[in-house]
Amino acid sequence: MSAYAVGLLSDLRWGPDIVTYLQRIDASLEPFDGAFLVHGTRAEVKEGVFDGDCIIIRFPSMEQARAWYDSPTYAALIPLRTQHAKSTVFLLDGVAEPNYRAESLLGKLGVSV
């Protein structure tokens with residue numbers, strides 16, 4: 001099952017560290033089969049408030065997503081980002097079933113309808 005790394009960045013201050021981060025992050029993803037799904041675009045906010053950037057990276061599994069984030073290569077890049085932006089980063093599993101439907105969650109939660 002695919003897993004995703006999601007980054008929410010705001011107050012990004014461009015400079016040499018961010019340039020270096022962008023130049024090196026692709027190489028950090030390669031050993032873990034990570035691929036950008038969303039990068040370099042602004043969200044069209046329909047509800048709530050979000051004025052930053054959203055990044056989504058897909059991995060083949062949660063194990064590979066964790067291994068990438070915890071790798072020495074990526075660990076060396078984290079300060080280049082965190083010292084120049086406010087950020088929230090999280091990992092999450094995708095849905096397992098190819099034809100997943102939202103109501104499937106009710107059964108998993110033991111909710112009878």
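The side chain of Ser-71 places a polar atom 3.2 Å from the backbone nitrogen of Tyr-74. A polar contact is a pair of N or O atoms within 3.5 Å; within protein, one must be able to donate a hydrogen and the other to accept it, and residues adjacent in sequence count only if both atoms are side-chain atoms. Ser-71 sits in the loop between α2 (62-70) and α3. Its relative accessible area is 6%, so Ser-71 is buried (under 20%; exposed is over 50%, partly exposed in between; 1.4 Å probe, protein chains only).

This is a predicted model: local features need pLDDT of at least 70, side-chain atom pairs count only at pLDDT 80 or more, and totals for chains, interfaces and linings use all residues. Residues are numbered from 1 along each chain as its sequence is written, and side-chain values use heavy atoms, without hydrogens and water.

The whole structure holds 5 aromatic pairs. Rings of Phe, Tyr and Trp (its six-membered ring) pair if their centres lie within 6.5 Å; planes under 30 degrees apart are stacked, over 60 edge-to-face, the rest tilted. Two of the pairs are listed here.

| Pair | Type | Centre to centre | Angle between planes |
|---|---|---|---|
| Tyr-21 and Tyr-74 | edge-to-face | 6.2 Å | 65° |
| Phe-59 and Trp-68 | tilted | 5.4 Å | 35° |

Tyr-21 belongs to helix α1 (residues 16-29) and Tyr-74 to helix α3 (residues 72-82), 53 residues apart. Helices (H or I, at least four residues) are DSSP runs, numbered from the N terminus. Tyr-21 and Tyr-74 are both buried. Phe-59 is buried because its relative accessibility is 0%. Trp-68 is buried too, at 2%. Ring pairs join Tyr-21, Phe-59, Trp-68, Tyr-69 and Tyr-74 into a cluster.

How values were computed. Helix = DSSP H or I, 4+ residues; strand = E, 2+ residues; numbered from the N terminus.
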